[in-house]
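Colleague: I have not looked at this one before. Can you take me through a few spots?

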Protein chains: 2
Amino acid sequence: MSQHLILNAFLMNNGHHEASWRLPETDVTAYREVAHYQHLAQVAERGTMDSVFFADSPSLFGTNLERRPTEALEPALLLSAMAVATQRIGLIATSSTTYEEPYNLARTFASLDAISHGRAGWNVVTTADLNAGANFGHEVAPTHAERYSRAEEFLEVVLGLWGGWADDATIADKASGVFHDSSRVEVLDHVGEHFRVRGPLNVARSEQGHPVIVQAGSSVPGMALAARYAEAVFTAQPSIEDGRSFYAELKAATRRAGRNPDHLKVLPGLVPILGSTEAEARALEQQLDDLVVLDHPLAQLAGDIGIPASEIDLDAPLPTDVRPVEEIQGNRARYELTLALARREQLTVRQLLLRLGSGRGHRAFTGTPEQVADDIELWASTGAADGFNIMPAVLPSGLETFVDHVVPLLRRRGLFREDYEGTTLREHYGLPVPTAGRPLEATA
Amino acid sequence: MSQHLILNAFLMNNGHHEASWRLPETDVTAYREVAHYQHLAQVAERGTMDSVFFADSPSLFGTNLERRPTEALEPALLLSAMAVATQRIGLIATSSTTYEEPYNLARTFASLDAISHGRAGWNVVTTADLNAGANFGHEVAPTHAERYSRAEEFLEVVLGLWGGWADDATIADKASGVFHDSSRVEVLDHVGEHFRVRGPLNVARSEQGHPVIVQAGSSVPGMALAARYAEAVFTAQPSIEDGRSFYAELKAATRRAGRNPDHLKVLPGLVPILGSTEAEARALEQQLDDLVVLDHPLAQLAGDIGIPASEIDLDAPLPTDVRPVEEIQGNRARYELTLALARREQLTVRQLLLRLGSGRGHRAFTGTPEQVADDIELWASTGAADGFNIMPAVLPSGLETFVDHVVPLLRRRGLFREDYEGTTLREHYGLPVPTAGRPLEATA
């Protein structure tokens with residue numbers, strides 16, 4: 001663990017648990033209300049958390065339309081409205097390199113960085129889902145290799161555009177009538193396999209240079225990309241042993257890529273389900289699990305493993321003859337995780353589906369604030385994490401409870417800040433400000 | 001003029017006048033501050049104006065980099081932050097059909113519409129500028145015809161995606177565990193010449209159905225597109241005669257397209273330069289014009305007319321042997337306007353450049369609030385306009401003066417609302433809520 005713990009609030013409409021919207025306390029219309037997200041950002045900021053974060057995909061998540069809110073307002077627009085309701089908290093959105101144009105994406109995130117005075121981060125993903133591809137003229141999803149080849153070039157273009165403005169490019173001298181010094185704004189002239197982009201970008205650099213680069217793929221090419229470019233990695237790690245080995249491997253790869261491993265933060269997801277007593281926490285977990293309808297998740301699992309839903313016994317272990325990992329073109333890391341989880345913990349299919357439904361493959365921890373703080377401390381102090389993506393099962397209550405009951409414990413133990421020391425996301429994360437200039441210099 | 005006057009505040013960093021940033025009063029850093037735009041939206045809302053509006057292009061406006069602020073924060077992000085600082089005012093952004101993906105654009109504007117509870121509008125443009133094309137892999141700008149063919153199909157896809165969600169698609173019934181009724185969310189399955197988009201969109205309809213469709217091209221194909229799809233047209237009309245003939249022509253074309261001409265609002269641009277007395281207004285105009293440096297505008301004009309800058313005499317009329325209109329692939333309507341303006345008013349090149357610099361080809365009116373109100377009333381009451389895009393020469397002062405001194409006069413004359421009657425942009429404009437469903441039904 002470097003400097004201090006990093007804690008992001010990973011937001012998801014009414015909460016990460018599949019059935020969170022069915023709780024009596026939940027306002028089912030809140031997921032479409034910008035005020036809901038502004039409130040969440042303010043709560044996270046009250047807890048001096050590092051950032052709020054949105055996942056994203058440019059499609060309707062088709063299979064589960066009937067079982068949970070599936071609309072997804074454009075995350076950068078939400079973050080812009082959240083930026084003006086807060087002062088310090090970082091603002092990270094996911095955006096795909098597969099179905100966007102690098103110029104538009106670079107501009108959107110640079111704009112968010114300007115609006116928030118240096119609090120933006122971009123979670124770089126590739127999109128395998130054919131539900132998304134079909135919205136962009138694709139009939140066949142690009143292969144894993146194609147997606148990562150495009151993603152790498154996409155990143156170089158975006159970093160190049162962001163680095164095109166020198167910090168002294170804007171003069172704004174009323175007397176001479178010179179606004180920008182055009183010799184300090186560089187044309188990119190990128191010509192590559194996937195893109196041809198001239199630039200310059202029409203947005204200059206921010207107080208933190210450019211948005212923080214986050215990466216969320218934990219497959220082999222995902223880790224290779226992270227080692228070269230990412231400043232933070234969001235990852236699903238089911239056990240502390242998995243966490244330690246992932247952490248060590250990624251830090252080593254970062255060192256091999258010629259970078260300071262402290263400049264890449266490893267942040268596993270954690271779904272805390274909290275109660276004043278352990279029994280109270282377990283009761284909340286049970287209440288949520290009882291509200292899950294298993295038809296859609298079962299259909300999805302059946303599709304993944306390649307066995308008809310009708311042939312799967314919910315109360316038996318996962319069949320052994322499932323589809324091999326190598327045949328998966330989509331989210332391979334997640335599929336591996338699902339299989340490993342089922343095997344290691346000897347779960348029945350029902351138990352497995354409930355576990356996936358509670359945090360989409362991320363590790364859930366049910367207990368008291370003290371127990372959650374212990375868990376966080378253990379991971380962070382034994383080389384398994386630089387911090388966590390906190391994924392509240394229910395929103396806003398799960399985030400409020402975390403901020404009001406877990407954060408004070410972490411502060412008391414000297415693991416977490418009492419107040420923000422800087423104003424930018426890079427300052428919160430303890431990352432250097434990249435110099436303006438060519439792509440690879442930017443993160444080296 | 002239908003129902004009542006429509007007044008939009010067309011915003012542009014420090015103001016529409018080329019030299020507005022050089023005035024002693026101007027804060028030269030404001031154009032990058034979201035608080036500046038939030039303030040402008042609040043001023044416009046104080047004046048019960050219909051909307052705030054941003055022009056846009058996905059490029060750095062290269063030639064004038066040294067002479068004025070040329071950065072452009074992403075307008076939808078700015079509008080999202082402005083939405084949460086206001087309650088009623090409409091929020092319109094320009095976005096190009098030439099270099100965007102329809103799914104992403106439909107989602108961005110639907111999200112803004114959700115965030116603002118039905119106050120969004122999309123100004124549909126095509127982008128001719130090769131400075132933009134070069135940021136998206138284009139070495140040759142698409143022709144006028146290609147751009148409009150793509151724009152029309154783009155519009156059909158966007159309207160189709162917006163219409164895919166029935167208003168009763170979201171049930172959110174905690175007891176049964178059904179969130180969305182998937183039978184009420186339609187797949188689009190668009191297959192056309194330019195796009196293949198399956199849908200559905202991941203954002204449902206808003207309080208106003210979908211964003212208002214605005215169109216800003218006044219060329220022949222631009223008008224044809226407007227007659228079929230647009231609910232408001234932003235246009236540059238240099239004289240009241242031009243305005244009347246454009247108005248009559250477009251309303252007739254709208255009728256011929258089978259639509260109610262009251263459902264397309266014609267809104268010319270107007271750059272008011274105001275003073276308590278006419279002399280004071282003229283002095284402000286002179287002060288601004290004296291601050292314009294003519295080198296870049298002259299180079300731009302030289303490029304347009306096809307005559308080297310060194311051969312142009314600033315104090316003589318425009319040469320007669322300029323490039324013919326038919327050879328222009330870019331903004332043809334604007335080029336025609338420039339030539340017509342120079343000829344009709346027998347301007348010297350210097351005068352022409354100053355006029356263009358004061359509002360980029362739109363009509364400037366210098367005078368007292370009373371005189372501006374007279375001018376607006378004359379246009380609106382004699383079939384030249386349904387309202388105006390007010391383009392303050394200097395911001396925020398020009399908008400504040402307009403709201404505090406012109407709006408009260410228009411109210412006193414019964415031409416403008418005393419308060420908002422509705423909450424959505426469609427209600428402000430007096431437009432019907434489109435039914436959910438297939439593209440052409442949506443605006444017919």
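Modeller: Start with B:Gln215, which counts as buried because its relative accessibility is 3%. Keep in mind that this is a predicted model.

Colleague: Where is B:Gln215 found?

Modeller: B:Gln215 is in strand S9 of chain B.

Colleague: And what is B:Gln215 in contact with, leaving aside its neighbours within four places in sequence?

Modeller: The contacts of B:Gln215 include B:Asn123, B:Val124 and B:Tyr148. Also among them are B:Gly222, B:Leu225 and B:Ala226, as well as B:Ala230, B:Ala232, B:Val233 and B:Phe234.

Colleague: Let's turn to helices. At what angle do helix H6 and helix H7 of chain B pack?

Modeller: The angle is about 50°, and the axes of the two helices are 8 Å apart. H6 of chain B covers residues 220-229, and H7 of chain B covers residues 240-256. H6(B) and H7(B) are therefore oblique to each other.

Colleague: Is the crossing of H6(B) and H7(B) left-handed or right-handed?

Modeller: The crossing of H6(B) and H7(B) is right-handed.

Colleague: Which residues meet there, between H6(B) and H7(B)?

Modeller: From H6(B) they are B:Met223, B:Ala226 and B:Ala227. In H7(B) they meet B:Phe246, B:Glu249, B:Leu250, B:Ala253 and B:Thr254. Divided by class, the residues of this contact of H6(B) with H7(B) are 6 nonpolar, 1 polar and 1 charged.

Colleague: What about chain A, how do helix H6 and helix H7 pack there?

Modeller: In chain A, H6 (residues 220-229) and H7 (residues 240-256) pack at about 50°, with 8 Å between their axes. That angle makes H6(A) oblique to H7(A). H6(A) passes H7(A) in a right-handed crossing. On the H6(A) side, A:Met223, A:Ala226 and A:Ala227 take part, and on the H7(A) side A:Phe246, A:Glu249, A:Leu250, A:Ala253 and A:Thr254. The class count for the contact of H6(A) with H7(A) is 6 nonpolar, 1 polar and 1 charged.

Colleague: New topic, aromatic rings. How many aromatic pairs are there over all chains?

Modeller: The count comes to 24 aromatic pairs over all chains. One of them is A:Trp122 with A:Trp162, an edge-to-face pair with 6.3 Å centre to centre and 85° between the planes. This pair links distant parts of the chain, 40 residues apart: A:Trp122 is in strand S4 of chain A and A:Trp162 is in helix H5 (residues 144-162) of chain A.

Colleague: Buried or exposed, A:Trp122 and A:Trp162?

Modeller: A:Trp122 is buried, and A:Trp162 is buried too. Ring pairs also link A:Trp122 and A:Trp162 into a cluster with A:Phe109, A:Phe154 and A:Phe195.

Colleague: Which residue has a positive phi although it is not a glycine?

Modeller: A:His117 has one, at about 55°. A:His117 sits in the loop between helix H3 (102-115) and strand S4 (120-125) of chain A, and at 31% relative accessibility A:His117 counts as partly exposed. A:Asp189, also a residue other than glycine, has a positive phi near 50°. A:Asp189 is in the loop between strand S6 (178-180) and strand S7 (190-191) of chain A.

Colleague: Is A:Asp189 buried or exposed?

Modeller: A:Asp189 is exposed, because its relative accessible area is 51% and the cut-off is over 50%.

Technical notes
Residues numbered from 1 in each chain as written. Chains lettered and ligands numbered in written order. Predicted model: local features only at pLDDT ≥ 70, side-chain atom pairs only at ≥ 80, totals over all residues. Heavy atoms only, no water. Helix = DSSP H or I, 4+ residues; strand = E, 2+ residues; numbered from the N terminus. Buried < 20%, exposed > 50% of the residue type's maximum accessible area, 1.4 Å probe, protein only. Phe/Tyr/Trp six-rings, centres within 6.5 Å; stacked < 30°, edge-to-face > 60°. Axes fitted to C-alpha atoms, helices over the stretch in contact; angles between N-to-C directions. Parallel < 35°, antiparallel > 145°, perpendicular 65-115°, else oblique. Left-handed = near helix turned anticlockwise from the far one by under 90°. Contact = heavy atoms within 4.5 Å. Nonpolar A, V, L, I, M, F, W, Y, C, P; charged D, E, K, R; others polar.
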